[in-house]
Amino acid sequence: MANDHSLRVYDSILGLLCNEENPTPLVRLNKVIPFEHTQVYGKLEWFNPFGAVKDRVAASLIEDAEQRKILEPGKKLVEATSGNTGLGMAMIGNQKGYPLQTPLSQAIPLEKRTVLRFFGADVVELDDTLCPAPGAPEGAIARAHDKAKTDPEFEILDQYANEANPAAHYRTTGPEIWRQTEGKVTHFVAGLGTCGTITGNGRFLKQKQKTIQVLGVYPEEGHDIPGVRSQRQLAQTKLYFPDEYDQQIEVTNRDAYDMCLRLNREESIVAGPSSGMALVGALRLVPDEPGNIVVVIFPDDIFKYASSILRHFPELSPPEVPGTDSSAPSSNDLFLAKLLENLKNPHDSVRVKDLDEELRAAEKPLVVDVRILSDYSEMHVPGSVNIPQDDLAGRAGELPQDRDAPIVMVCNIGRFSKHTVLHLKSMGYRNVRSMKGGLNEWVRKGLPTESTTVAAS
Ligand SMILES: Cc1ncc(COP(=O)(O)O)c(C=O)c1O
């Protein structure tokens with residue numbers, strides 16, 4: 001049987017990949033819209049076969065690479081991803097016989113990392129990307145390039161630079177929107193990640209009708225919205241073409257998550273956090289005028305984001321029932337999180353400039369770098385020693401005997417070093433601090449670093 005969209009009968013799951021004949025739904029929003037005239041539609045991208053807008057991109061990247069003969073049976077894929085591209089690639093790879101390795105940040109929700117492993121992907125977890133490592137500003141991306149360069153079995157298709165990413169939208173999403181709105185769309189709105197969505201749709205729609213407004217929405221710095229990138233992070237994305245977009249706007253975590261909740265509760269649309277963000281931006285940028293028809297891309301659904309929900313709405317945590325095991329943060333977890341937050345105080349942390357001065361004095365503190373060895377070898381505070389966080393308990397003998405000895409803990413962004421400060425305090429160390437902002441801040445302030453050459457094995 002051939003694929004038949006009217007009956008929804010398919011030869012294989014790949015037949016469900018969306019295009020003009022088989023579009024994702026466009027659903028009008030009715031309750032969360034403050035407008036009298038302007039109509040706003042969400043395009044529900046989780047109706048793609050593997051659950052996100054990125055299925056289109058994964059398919060396009062793989063097809064393009066096959067056509068260019070850089071991807072052939074026996075090859076493996078390596079790709080940096082915030083999860084969704086990886087999920088699509090892993091599943092298309094399963095169908096076509098390309099195993100996937102994906103380096104990604106531990107900041108990506110556990111749900112996505114677990115499902116990627118469930119799909120068979122080799123997930124390499126890094127402690128960055130929403131907060132990248134210094135010198136390797138795109139930790140996961142750099143790691144993926146490195147793998148492809150050093151291991152001929154692996155091919156990187158690089159969604160951050162590959163024109164096959166926007167081309168997926170130029171070929172499918174854009175024509176779908178044009179057809180679904182009967183050419184009446186006036187505004188197109190998307191969150192900005194790799195920028196494939198805005199760039200590909202923008203190019204197609206403007207070619208159809210050059211007055212269509214193409215609007216980009218990005219999150220605040222230090223955001224917690226997987227898949228999208230702050231203004232600083234966008235500067236490193238090769239498919240970000242601001243001249244092609246009419247306007248851009250920043251949205252806070254709080255506003256994005258609040259709108260995401262409203263979409264679910266008031267519109268009964270199971271949209272995820274980046275959909276909330278894009279809609280907030282749309283409502284701020286588009287005026288209320290007769291004839292306005294706005295299409296906002298809703299990239300994926302809320303089911304992958306239980307852990308993000310609990311961070312932003314801790315009141316939704318399940319009540320603790322004695323004797324039961326829950327994966328939600330307990331009141332104890334929240335208390336411990338508060339302790340870590342408290343460590344930002346000026347007694348338990350030190351600013352990079354101050355540490356730099358302390359290190360010039362005769363009585364200098366011992367600087368302990370708690371990142372993995374390869375990161376430490378690449379770049380570290382001069383004179384610091386390396387004891388990765390996971391090894392601290394086993395290598396306690398390398399710490400000073402004297403519980404009053406001054407010690408400063410260092411990581412990439414000052415988050416994991418706080419964990420290790422707490423660890424040392426629990427061992428009785430009275431003069432232990434974390435370096436604020438981590439090595440990222442040290443580098444940003446132009447302070448010197450050292451590297452260690454590790455013999456190749
Ligand atoms: C959940 C989510 N929202 C938004 C985006 C942004 O899309 P794009 O990468 O095309 O800019 C992505 C991309 O990864 C995503 O996964």
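This report describes the overall fold dimensions and the ligand site of a predicted model.

## Overall form

The protein contains 15 helices and 15 strands. Its C-alpha trace extends over about 75 × 50 × 50 Å along the principal axes.

For a chain set of 457 residues, a compact globule would have a radius of gyration near 23 Å; the value for the protein is 24 Å, so the two agree.

## Location of the ligand

The ligand sits in the largest cavity. Around the ligand there are 17 residues, and those that come nearest are Gly-193, Thr-194, Cys-195, Thr-197 and Ser-274.

By residue class, the shell around the ligand is made up of six nonpolar, nine polar and two charged residues.

## Polar contacts and cover

Gly-196 contributes through its backbone, with an N or O atom 3.4 Å from an oxygen atom of the ligand.

On its own, the ligand has 390 Å² of accessible area, and the protein covers 98% of that area.

Technical notes: Residues are numbered from 1 along each chain as its sequence is written. This is a predicted model: local features need pLDDT of at least 70, side-chain atom pairs count only at pLDDT 80 or more; totals for chains, interfaces and linings use all residues. Side-chain values use heavy atoms; hydrogens and water are left out. A residue is near a molecule or strand if one of its heavy atoms lies within 4 Å of it. A polar contact is a pair of N or O atoms within 3.5 Å; within protein, one must be able to donate a hydrogen and the other to accept it, and residues adjacent in sequence count only if both atoms are side-chain atoms. Accessible areas come from the Shrake-Rupley method with a 1.4 Å probe; for residues, only the protein chains shown count as cover. On a 1 Å grid over the protein atoms alone, a cavity is a set of points where a 1.4 Å probe fits but cannot get out, and a pocket is an open set with protein on both sides within 12 Å along at least five of seven lines; lining residues have an atom within 4 Å of a point. A molecule sits in a cavity or pocket if more than half of its atoms lie within 2 Å of its grid points. Ala, Val, Leu, Ile, Met, Phe, Trp, Tyr, Cys and Pro count as nonpolar, Asp, Glu, Lys and Arg as charged, and the others, Gly among them, as polar. Helices (H or I, at least four residues) and strands (E, at least two) are DSSP runs, numbered from the N terminus. The radius of gyration is taken over C-alpha atoms; the globule rule is 2.2 Å times the number of residues to the power 0.38.
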